[in-house]
Amino acid sequence: MKIGYNKSAFRATANIQRADTGITKASRRLSSGLRINRSADDPAGMAISNRLLSQARGTGLASQSSSNIISALHTADGALGEIHSMLGRIQVLALAAANETLVSEDLQKIQQEIAMLIDEIDQTAAKTEYNRIRLLNGDAGRVIVTEGPISFIDVVSVDRSLPFGALSFELTALPTHTTLVTGAGNPLPNPDLQGRIITINGVSITLDASDNAVSLRTKLVQALAVSDFVLTDAPVPSLLGSIQALYSGSRHTLDISGDPLALAALGLDAAATLGSDASIANFGGILEPGTTYASDGEQLTIADTSGNTIRLALRSGVPLGSFEVITLQSPFAAQIGANTDMNLRMEIPRVNSLMLGISRINVQSQDGAQDAIAAVPGATDRISAVRAQIGAYTNRLEHVVTNLDLAEVDMRDSLSRIRDADMAMEMVEYTKNQVIYQAGMAVLAQANARPLQLLQLLS
């Protein structure tokens, strides 16, 4: 019998080491629930699972972001619904004012309510926000950059179909106001004026013998306000001052008639200077050849042959010269995917009274009431167009959220197949390796005992 290399002990030791490694790996997987705990477990699977995990997390965040944008759109739509209601009330008041059975005091009260409603529309547009993001004041619309005397031009609205880029034009004529500088008139008070009547834009003024410059000025101011005219100071020898339209443009006419003696006494027998509209020329840039424009005082609507329009308003003091308006993409966007450039840019235009075309409503005259009745439907159509646009964005984002949620579920399902441990299989491996380990320890103990048994035989 030879006492040599103990192969049984070596083999038992190797089996024990392998079983111990298997137990350690199975324990790690059972405790973490992951099949891949380190890159050595499955290098390719680790790389794939990391990409899938990043994609799944990004998809989940994109779904959350899109849901937040939907909430912001709901906020904007709710505010626009209130503006819709206020426009309906203005329409009712304008129809009431068109009834000629109302006296001037009634019309003044109607006009006061309309003015308050218009102010509230502007306040709603200016202050509606979501998480400090203003939604209806133009901040969520496309970016407008003006080149030239930028402090003298406002972009009222831009069609969504208008291409991005620069629009250039030249302002060739400034808008002017309809004016009438009253003459010197006769010394007041004047007994010959008792009961005499003059009419200014349909509003009658009855004179008294005791009227002086102050009382006549008060009567004149009240009559002029009905048709959006004001009385300003004028140099001597003007008796009452200068009558001037509140808004510039050729459509603001001044019609004065009445008793010739009364007109002469008040210095109103002179002809008014009619106002004029702004004019522009030399179009260039993004609008197509054949571009035209319509002018209403200081407001300009520029349109090309495809119907793309941009509305501008000139401020007081604007100089003649060249201008350039540049339109850029809106900063208001939803991240609708896990990767770069997977976003949806949205445009919510400004919706104040100027954009809606109701800022000049004055129903204290029959013509003004009819103009208001005609203006409100156009404003309602503009609001409806914006709400329809918001509704389309909302519906699209709801589909986006559903798609993202499904994609995240599928990606996490794939990630689980690659990365997660099969608990039943790992428990089998753990138990198997435990049995091998324990059997190996028993065999090693027997193998180590054999040399001692031979020594006992020899002794």
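Predicted model: local features only at pLDDT ≥ 70, side-chain atom pairs only at ≥ 80, totals over all residues.
Visitor: Which residues lie nearest its centre?

Guide: Asp-228, Arg-251, His-252, Arg-360 and Asp-371. In total, 35 residues line the largest pocket.

Visitor: Which helix or strand gives the most to that lining?

Guide: Helix H7, with 8 residues. H7 covers residues 366-419. Strands E13 (292-296), E14 (299-303) and E15 (309-314) each supply at least two residues as well.

Visitor: And the lining by class? How many nonpolar, polar and charged residues?

Guide: The largest pocket has 13 nonpolar, 14 polar and 8 charged lining residues.

Visitor: Back to Asp-228. Where is it found?

Guide: Asp-228 sits in the loop between helix H4 (213-225) and strand E9.

Visitor: Buried or exposed?

Guide: Buried. Asp-228 counts as buried because its relative accessibility is 14%, and the cut-off for buried is under 20%. Its backbone deserves a look too. Asp-228 has a positive phi of about 60°, though it is not a glycine.

Visitor: Which other residue has a positive phi although it is not a glycine?

Guide: Asn-131 is one, with a phi of about 55°. Asn-131 is in the loop between strand E1 (129-130) and strand E2 (133-134). Its relative accessible area is 66%, so Asn-131 is exposed.

Visitor: Now the second largest pocket. How much space lies there?

Guide: About 490 Å³. Its lining has 24 residues. Val-156, Ser-157, Val-158, Pro-349 and Arg-350 lie nearest the centre.

Visitor: Which elements supply at least two residues each?

Guide: Strand E3 (143-147), strand E4 (153-158), E15 and H7. The largest share, 5 residues, comes from H7.

Visitor: What does that lining have by class?

Guide: The second largest pocket is lined by 10 nonpolar, 5 polar and 9 charged residues.

Visitor: Tell me about E4. Mostly covered or mostly uncovered?

Guide: Mostly covered. In E4, 5 of the 6 residues are buried.

Visitor: How many bridges join E4 to E15?

Guide: There are 5, and the two strands run antiparallel. Leu-314 in E15 stands opposite Ile-153.

Visitor: Cavities next. How many of 30 Å³ or more?

Guide: The search of the whole structure finds 1. The largest cavity holds about 40 Å³ of space.

Visitor: What lines it?

Guide: Ile-198, Ile-205, Leu-207, Leu-216, Leu-220, Leu-240 and Leu-266. By class, that lining has 7 nonpolar residues, with no polar and no charged ones.

Visitor: Switching to helix H3. How many residues does it have, and how far does it reach?

Guide: H3 (residues 104-127) has 24 residues. From first C-alpha to last it reaches 34 Å, close to the 34 Å expected at 1.5 Å a residue.

Visitor: Which residues of H3 are buried?

Guide: Leu-107, Ile-110, Gln-111, Ile-114, Leu-117, Ile-118, Ile-121, Thr-124 and Ala-125.

Visitor: Why does spacing matter in a helix?

Guide: An α-helix has 3.6 residues a turn, so residues three or four places apart point the same way.

Visitor: Last one, Asn-190. Buried or exposed?

Guide: Buried. Asn-190 has 12% relative accessibility, so it counts as buried. Asn-190 lies in the loop between strand E6 (179-181) and strand E7 (197-200).

Visitor: What does its side chain reach?

Guide: The side chain of Asn-190 reaches the backbone nitrogen of Asp-192, at 3.0 Å.

Key
Residues numbered from 1 in each chain as written. Heavy atoms only, no water. 1 Å grid on protein atoms, 1.4 Å probe; cavity = no way out; pocket = protein on both sides within 12 Å on 5 of 7 lines; lining within 4 Å. Points joined across faces, edges and corners; volume = space filled by probe spheres on them. Nonpolar A, V, L, I, M, F, W, Y, C, P; charged D, E, K, R; others polar. Helix = DSSP H or I, 4+ residues; strand = E, 2+ residues; numbered from the N terminus. Expected span 1.5 Å × (residues − 1). Buried < 20%, exposed > 50% of the residue type's maximum accessible area, 1.4 Å probe, protein only. Polar contact = N/O pair within 3.5 Å; in protein donor to acceptor, adjacent residues only side chain to side chain. Pairing = 2+ DSSP bridges.
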